[in-house]
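Thank you all for coming.

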Amino acid sequence: MNTPRRTLLALSSLLALSALAPLAQAEETVIRVSGIPDENPTELARKYKPLVDQLQKHLGVKVVYVPVIDYGAAVSALGAGKIDFAWLGGFTFVQAKVMSGARPVVMRDIDREFHSVFIASSTSGITKPEEMRGKSFAFGSKSSTSGHLFPRHFLETTWRIDPEKDFAGAPVYSGAHDATVKMVESGKVQAGAVNIEVWKRMEAKQQFDPAKVRAIWTTPAFVDYVWAARKDLPAETVKKFADAFLTLDMNDPAEKAVLDLQGAKKFVPAKVEDFAIIEQVGRSTGLLK
């Protein structure tokens, strides 16, 4: 090929690349968020819509909520880079940290001292935790902090109840906190353990019959939910995401609506060491290998 023709082809390539450059620059950056499905899909959609809108406003990029089918899928998606940030329970965060190096970002003020509630059907005869022995029982998801890990821990350490031996058959796993309430209300099981915030919300909205199911014991406090980032996200992206939560203002009606739906007055920074006790309990119960 002669030099003039080679030069002409090179110029043509440069022109083609410069024509494509504005399109490449115009491509929209997308932040993908998800969370453990600890409640029914309708409730999750109600809680995430205003949050996604607020994040888009603060970050200046498109934010997409990516639903997942179960707790394990949220952990796997974060590790595989299919999502950038995930709302995880304390135990699923520890799993994500151990499996793929996930980093904690922010948590609600209430998550530093969270609780589970043990509930029982009114026909079970159960009025206190020790009376659950010999009865049928439901946890939430197997990977739930407030629906399984800590309820199991308190059953074993406080009440000396072995869930695998001391109930009427193996415990049932409902998959979600509101599902556990409904199982106990219907009589499918005689007792169960649920996230205290879900219990209080369902109680306030009269989403169960108080004549059929009641709370019998509230656990001591433990650390729970957190927004976590996948390992390889740029530090600046993580900081902007954190700031979107840390700057939420209860005096701003739109931001107050977001906080109310999240069950918080504010968000606070989260650190890896906040979850050391969860990793310890996870290993002591055999749920974390």
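This is a predicted model: local features need pLDDT of at least 70, side-chain atom pairs count only at pLDDT 80 or more; totals for chains, interfaces and linings use all residues.

**Charged pairs, core and pockets**

Let me start with R46, which at a relative accessible area of 37% is partly exposed, where buried means under 20%, exposed over 50% and partly exposed in between, computed with a 1.4 Å probe on protein chains only. Residues are numbered from 1 along each chain as its sequence is written, and side-chain values use heavy atoms, with hydrogens and water left out.

R46 pairs with E43 in a salt bridge whose closest N and O atoms are 2.7 Å apart, the term meaning a side-chain nitrogen of Lys or Arg within 4 Å of a carboxyl oxygen of Asp or Glu. Why do E43 and R46 sit about one helical turn apart? They are 3 residues apart in helix α2, helices being DSSP runs of H or I with at least four residues, and strands runs of E with at least two, numbered from the N terminus.

A second salt bridge joins K97 to E279, with 3.2 Å between the closest N and O atoms. Because K97 lies in helix α4 and E279 in helix α10, this pair ties together parts that are 182 residues apart in sequence.

In a third, R108 meets D111 at 2.9 Å, N to O; here R108 is buried at 7% and D111 is buried at 0%. Shared partners also link E39, E43, R46, K47 and R201 into one salt-bridge network, and the whole structure has 19 salt bridges.

Turning to the pockets, I mean open sets of points on a 1 Å grid over the protein atoms alone, where a 1.4 Å probe fits and protein lies on both sides within 12 Å along at least five of seven lines; lining residues have an atom within 4 Å of a point. The largest pocket is lined by 16 residues, and K47 and R201 are among those nearest its centre. Helices α2, α7 and α9 each give two or more residues to that lining.

In the second largest pocket, 15 residues form the lining, with T29 and K240 among the closest to its centre. Which element gives the most to this lining? It is α8, with 4 residues.
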